[in-house]
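Colleague: Could you walk me through this one before I start on my own notes?

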Amino acid sequence: MTDLFSLAGRTALITGGSRGIGKMIAAGFIAQGARVYISNRKAGVAHDTAAELSAGGGFCKALPADLSTPEGVAELAKAYTALEPKLDILVNNAGAAWLAPFDEFPEKGWDKVVDLNLKTPFFLTQALIGALRAAATADQPAKVINIASIDGTAVNPQETYSYAASKAGLVHLTKRMSLRLIQDNIVVSAIAPGAFQSDMNLDARDHADEVAKRIPSRRIGRDEDMAGVAIYLASRAGDYVVGQTIAVDGGVSLVRV
């Protein structure tokens with residue numbers, strides 16, 4: 001059972017890994033023995049986080065990249081494969097959100113969010129498919145974990161149109177990708193977080209007590225809640241979980257209209 005959740009000897013790349021949910025996952029992977037690379041478009045932030053996460057003796061290296069463009073996706077894939085011949089775990093976490101009333105919602109708020117949240121996970125996985133295939137075997141599949149959102153499975157009252165659409169699309173894309181890539185011993189799955197403290201979820205970060213009142217579990221998510229499910233999916237324990245999206249939300253999506 002100890003080995004069931006071990007990531008010893010495995011290498012992971014986590015986009016948006018320098019803060020929020022990405023950082024939670026990176027810390028969890030390192031604690032379980034993985035070598036972890038994190039990306040962020042802000043180089044200084046990425047390097048600072050990598051140094052922080054490596055301080056306890058684990059391995060974490062920053063690969064700064066702007067994944068909002070095809071060129072940035074290609075550069076990250078090139079930077080990673082220059083350092084590592086194989087990729088055991090890819091976590092597609094980098095994302096963006098946009099809030100505006102329906103009558104005022106701008107096209108740039110659509111394109112920016114959908115491109116980063118939905119287009120980038122597909123094309124980054126495609127760009128790294130050689131490294132994923134090189135790591136994958138029938139006994140130890142490689143893993144792709146897409147970070148979706150409960151906003152993609154249940155309606156949020158906030159007017160985040162492109163965010164909700166992109167995350168719903170990512171849930172379905174996870175299913176479609178999983179059926180193709182399992183043929184190559186690559187398991188694709190997704191996580192749909194609820195309220196966790198992050199710069200993207202300002203309510204959970206700044207008003208945790210108020211947000212907790214709307215959650216059946218009566219609290220917002222903790223770092224170990226996110227790390228735990230990501231470790232499960234990335235490790236041997238999650239090898240048979242193909243194409244599924246796991247909600248980690250304290251039950252809040254069950255009470256949304």
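Modeller: Ala 27 lies in helix α1, where helices (H or I, at least four residues) and strands (E, at least two) are DSSP runs numbered from the N terminus. Please keep in mind that this is a predicted model, in which local features need pLDDT of at least 70 and side-chain atom pairs count only at pLDDT 80 or more, whereas totals for chains, interfaces and linings use all residues. Residues are numbered from 1 along each chain as its sequence is written, and side-chain values use heavy atoms, with hydrogens and water left out.

Colleague: Is Ala 27 buried, exposed or partly exposed?

Modeller: With a relative accessible area of 35%, Ala 27 is partly exposed; buried means under 20%, exposed over 50%, and partly exposed in between, using a 1.4 Å probe and protein chains only.

Colleague: And how many residues of α1 are buried?

Modeller: Nine of its twelve residues are buried, so α1 is largely enclosed by the rest of the structure. Among the buried residues of α1 are Gly 20, Met 24, Ile 25 and Phe 29.

Colleague: What does α1 lie across?

Modeller: Helix α1 (residues 20–31) lies across β1, β2, β3, β4, β5 and β6, and runs at about 170 degrees to β1. Contact here means heavy atoms within 4.5 Å, while axes are lines fitted to C-alpha atoms, for helices over the stretch in contact, with angles from 0 to 180 degrees between N-to-C directions. Just after α1, Gly 33 takes a positive phi of about 100 degrees.

Colleague: Switching to the sheet, what is the strand order?

Modeller: The seven strands form an open sheet in the order β3-β2-β1-β4-β5-β6-β7, with parallel pairing; two strands pair if DSSP finds at least two bridges between them. At the edges are β3 (59–62) and β7 (245–248), each of which pairs on one side only. Direction ignored, neighbouring strands of this sheet are turned by 20 degrees against each other on average.

Colleague: How many bridges join β1 to β2?

Modeller: Five bridges join these two parallel strands, and Leu 13 stands opposite Tyr 37 in β2. Between β2 and β3, which also pair in the parallel sense, there are four bridges, and Ile 38 has Ala 62 of β3 as its bridge partner.

Colleague: Which way do the residues of β1 point?

Modeller: Thr 11, Leu 13 and Thr 15 point one way, Ala 12 and Ile 14 point the other way, and all are buried. In a regular strand the side chains alternate between the two faces of the sheet.

Colleague: Tyr 37 came up already; which side chain makes a polar contact with the side chain of Tyr 37?

Modeller: That is the side chain of Glu 84, at 2.6 Å, a polar contact being a pair of N or O atoms within 3.5 Å, of which, within protein, one must be able to donate a hydrogen and the other to accept it, and residues adjacent in sequence count only if both atoms are side-chain atoms. Glu 84 is found in the loop between α3 and β4 (89–92), and at 11% relative accessibility Glu 84 counts as buried. Not counting residues up to four places away in sequence, Glu 84 touches Thr 11, Arg 35 and Tyr 37.

Colleague: Which residues of α3 are buried?

Modeller: The buried residues of α3 are Gly 72, Val 73, Leu 76, Ala 77 and Tyr 80. Seen down the axis of α3, they fall within an arc of 135 degrees, so they line one face of the helix; the arc is that of the directions from the helix axis to the C-beta atoms. These buried residues pack against β1 (11–15), β2 (35–39), α4 (107–127) and α5 (129–135). The face turned away from the buried side of α3 carries the exposed residues Pro 70, Glu 71, Glu 75, Lys 78 and Ala 82.

Colleague: Last topic, then: what does Thr 125 make a polar contact with?

Modeller: Thr 125, which lies in helix α4, makes a side-chain polar contact of 3.2 Å with the side chain of Asn 92. A polar atom of the Thr 125 side chain also lies 2.7 Å from the backbone oxygen of Pro 121. At 3% relative accessibility, Thr 125 counts as buried.
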